[in-house]
Amino acid sequence: MARYYSWDNIISKSECERIIDDCKSDLGEIAKVGDGVGGSTVDKYRKTNIRWIDNDRLIAKLIYGFVREANDAYFHYNITNHEQIQLGEYSTGGNYDYHQDTITLASGIESLPTRKLSVSVLLSDRQDFEGGEFVMYNGGKEPLKPLKGQGSIVVFDSSDFHAVEPVTSGVRYSLVMWARGPLFK
Amino acid sequence: MSRYWSWDKIIPKEECERIIADCSNIEGYRGTQEKELYGRIFIRLVSASNLATKLIYGFAHEANDAMFHYEITGHEQMQFVQYAVDDRLQYHQDLVYDGLEVAPIRKLSVSVLLSDPKDFEGGEFEMYSGFKEPTKPLTEQGSVVVFESKAYHGITPITSGVRYSLVLWATGPLFK
């Protein structure tokens, strides 16, 4: 069982919509999945438009605050900073197959600082898209579905396998960020 | 990527067979998960004073020194595991993160293939790798693999013969 810390509908609908409007005018390229050593890409497993958001934006502070609160309450890891926050746009057909957020170098060692906690925020109203469920791998059992509705947040171990199921209609917006620190001891 | 450290055929055939003969004398019990839907194996607990336990604990630490660098302070009792026909273990974690763990927790898992692959069919050790093919680091007699206890792994059903393996968990304080 994967463990996570979550808030249901904690960010209001109007605030979610403001964040989407604020960010989506400048969506980037279709995201590529790296192989962990900075090489080839595998499109079939991920189809998402992404945009990197500056660290000085308030939204980055807000989401980092949620990560730190989850860490204080639950994970108790040594966290020292975070990566840039990323807005993801999953249009119809968009998906991201089961993966880990940790980056392992060819030597088998994690890149430094290592990703320890991942946060995912559902910005869209579920009425605006179908499919696109955020799922966490749970062995042979039903995957976990910790993101309940618009404005919900989940914080989880970056090494836990998770996916975004294909969006079958509409558009789904989400934010993701990774909190980092020294290697696990 | 599922992280692991492994050695191929590091334990000689004769030594594997000696361990199998030695451990087969221990009283055991059948282990099941979810009424055999997810797992079915036969377990014998090996004494901490058995030299095989020291050997496998040594492998765990060597892998930790080389790759994982975790704080390891002990180990659980080693298991000598027998897989007969239809026995299997679905993908599972050895360290189940369900909230508020208490130390010591399982940090590294060691698995040793004692049997000659000619002596059984099926029974492949697989590590879950998401959208990539599962990794199979344990295919030869006398091979040893050390991996993170939270990584999902499993043994496919045995279709013929018997497969013997050793498993040990190295433990320590909570991750930081």
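Which strands of chain B each supply at least two residues of the lining of the second largest pocket? They are β2 (28-33), β3 (39-46), β5 (78-83), β6, β7 (105-113), β11 (153-155) and β13 (163-172). Strands here are DSSP runs of E with at least two residues, helices are runs of H or I with at least four, and both are numbered from the N terminus.

A note before the views: this is a predicted model, where local features need pLDDT of at least 70, side-chain atom pairs count only at pLDDT 80 or more, and totals for chains, interfaces and linings use all residues. Residues are numbered from 1 along each chain as its sequence is written, chains are lettered from A and ligands numbered from 1 in the order in which they are written, and side-chain values use heavy atoms, with hydrogens and water left out.

**View 1. The second largest pocket has a volume of about 620 Å³.** Of the 37 residues that line this pocket, B:Gln33, B:Leu89, B:His92, B:Gln93 and B:Asp94 come closest to its centre. The lining divides into 17 nonpolar, 14 polar and six charged residues. (A pocket is an open set of points on a 1 Å grid over the protein atoms alone, where a 1.4 Å probe fits, with protein on both sides within 12 Å along at least five of seven lines; lining residues have an atom within 4 Å of a point. The volume is the space filled by probe spheres set on the points.)

**View 2. Chain B meets chain A through 29 residues of its own and 30 from chain A.** Contact means heavy atoms within 4.5 Å. Together the two chains bury about 2,600 Å², 54% of it on carbon and sulfur atoms; that is the accessible area (1.4 Å probe) lost on putting them together, summed over both.

**View 3. One salt bridge crosses the interface of chain B and chain A.** A:Asp160 pairs with B:Lys150, and their closest N and O atoms are 2.8 Å apart. The largest share, three residues, comes from α2(B).

**View 4. A salt bridge joins A:Glu17 and A:Lys13, at 3.5 Å from N to O.** Both sit in helix α1 (residues 13-24) of chain A, four residues apart, about one turn of the helix. Over all chains, the count comes to 18 salt bridges.

**View 5. B:Ala103 and B:Pro104 are joined by a cis peptide bond, with omega about 0 degrees.** B:Pro104 is in the loop between β6 and β7 of chain B.

Methods
Salt bridge = Lys/Arg side-chain N within 4 Å of Asp/Glu carboxyl O. Nonpolar A, V, L, I, M, F, W, Y, C, P; charged D, E, K, R; others polar.
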